[in-house]
Amino acid sequence: MNSRLAWIGLSLGMIACSDDKDAPGTGGGAHYTYVASELAVPTNNSQAREYGLDLNGDGSVDNQLGQMFGTLVVQGFDVQSSVTTGVDRGSTIQLFDFAADNLSNDATASVAMKWGDPATANPAACASGADTQCRRHLQGMGTFTLAPDSPNVAALSGAFSGGIFNGGPGTLPLAITLGAAPLKATLMGARIRARGASESAVETIIVAGAMSEADVQAKLIPAMALSFSAQVSADCHAPGQLDCGCAESSSGKTLIALFDVAPRDCTISSEEVSGSSLIQALLSPDVVIDGTPGLSLGLKAKAVKAMFPTE
């Protein structure tokens, strides 16, 4: 079989799997599969509350990392733009698989999250390297395969009631793009709240959970350092000078002042980020999930229909 026929066969197989209304899902119903068409991180405290959920049962919304994103925005670092670019250009492909008898009322529904492989998205996100809009894979007809590193974790059990889905707690894989760096982490104690789900789209999905201290140190902080350094490179052009040649009032100048301390070399290392008193305060664990301290995060997504393997 040639490669074209093989791809057609794979696509038809995934369409059958995704659209078969008699196929058993984890929650006992059909699979409704989507790809995130928008991902929004909080840029202020109000959004941090809106995009978060109560993870530890104390009656309060938990979103410490979301509040940190808002603090970075105040300091001039545009977090949301890089997250949006990652979605538009296909470097971030976050997939959702809802299993339910229907999307309005089902007491035994479930949801799983997976990572799509950017290299095999069909159609590709961008028509060419000169394409500034991209998003070709987010028109409701995209076909995806799973990324090789997509974790195989159990779906979150939940229920649809009055068109609103609540699921969790459990474990979820989350992928976003921070600056120039992808961030892939596993959320503990994760919960999802979704509303406005139909066969073609989901209007709102709140994804919330906690990053372990190990993930914060090994994944989040290095991603932040790479992102900060990329911004400094864009705004500052004289590494040998005291002010690094940063444009006045630029984000790069602010980041240099905050983090470039030891050594003062006009770059920002993971060690400088983790050693910052500001970051230490903002990234301190704020919840405990099954005895493990974690840093809470909540974000908001929209999704459109997609086709990908559900088993």
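Guide: Cys244 and Cys266 are both buried, which stands for under 20% relative accessible area, with exposed over 50% and partly exposed in between (1.4 Å probe, protein chains only). The model is predicted, with local features needing pLDDT of at least 70 and side-chain atom pairs pLDDT 80 or more, while totals for chains, interfaces and linings use all residues. Residues are numbered from 1 along each chain as its sequence is written, and side-chain values use heavy atoms, leaving out hydrogens and water.

The relative accessible area of Cys244 is 1%, and that of Cys266 is 10%. These two cysteines are joined by a disulfide, S to S 2.1 Å, the term being used for cysteine sulfur atoms within 2.5 Å. The torsion about this S-S bond is -85°, a left-handed link. The bond connects distant parts of the chain, 22 residues apart: Cys244 sits in the loop between α5 and α6, and Cys266 in the loop between α6 and α7 (270–275). Helices here are DSSP runs of H or I with at least four residues, strands are runs of E with at least two, and both are numbered from the N terminus.

The backbone is also worth a look at both ends of this link. Cys244 has a positive phi, near 65°, though it is a residue other than glycine. Cys266, not a glycine either, has a positive phi of about 65°. The loop between α6 and α7 also holds Pro263, which is joined to Ala262 by a cis peptide bond with omega about -5°.

A second disulfide, between Cys236 and Cys246, has its sulfur atoms 2.0 Å apart. Its S-S torsion is about 100°, so this one is right-handed. Both Cys236 and Cys246 lie in the loop between α5 and α6, so the bond ties together parts that are 10 residues apart in sequence. Cys236 is buried at 9% relative accessibility, and Cys246 at 10%.

Now the helices on either side of that loop. The axes of α5 (residues 213–235) and α6 (residues 251–259) come within 8 Å and cross at roughly 130°; axes are lines fitted to C-alpha atoms, for helices over the stretch in contact, and angles run from 0 to 180 degrees between N-to-C directions. That makes the pair oblique, the class left over once angles under 35 degrees are called roughly parallel, over 145 roughly antiparallel and 65 to 115 roughly perpendicular. The crossing is left-handed, with the near helix turned anticlockwise from the far one by less than a right angle. On α5 the contact residues are Phe228, Gln231, Val232 and Asp235, and on α6 they are Ser251, Gly252, Leu255, Ile256 and Phe259, contact being heavy atoms within 4.5 Å. By class the contact has 5 nonpolar, 3 polar and 1 charged residues.

Elsewhere in the chain, Cys126 and Cys134 form a disulfide, S to S 2.0 Å. With a torsion of about 100° about the S-S bond, the link is right-handed, and both cysteines are buried. Altogether the structure has 3 disulfides. Counting bonded cysteines along the chain, the pattern is 1-2, 3-5, 4-6.

Key: Ala, Val, Leu, Ile, Met, Phe, Trp, Tyr, Cys and Pro count as nonpolar, Asp, Glu, Lys and Arg as charged, and the others, Gly among them, as polar.
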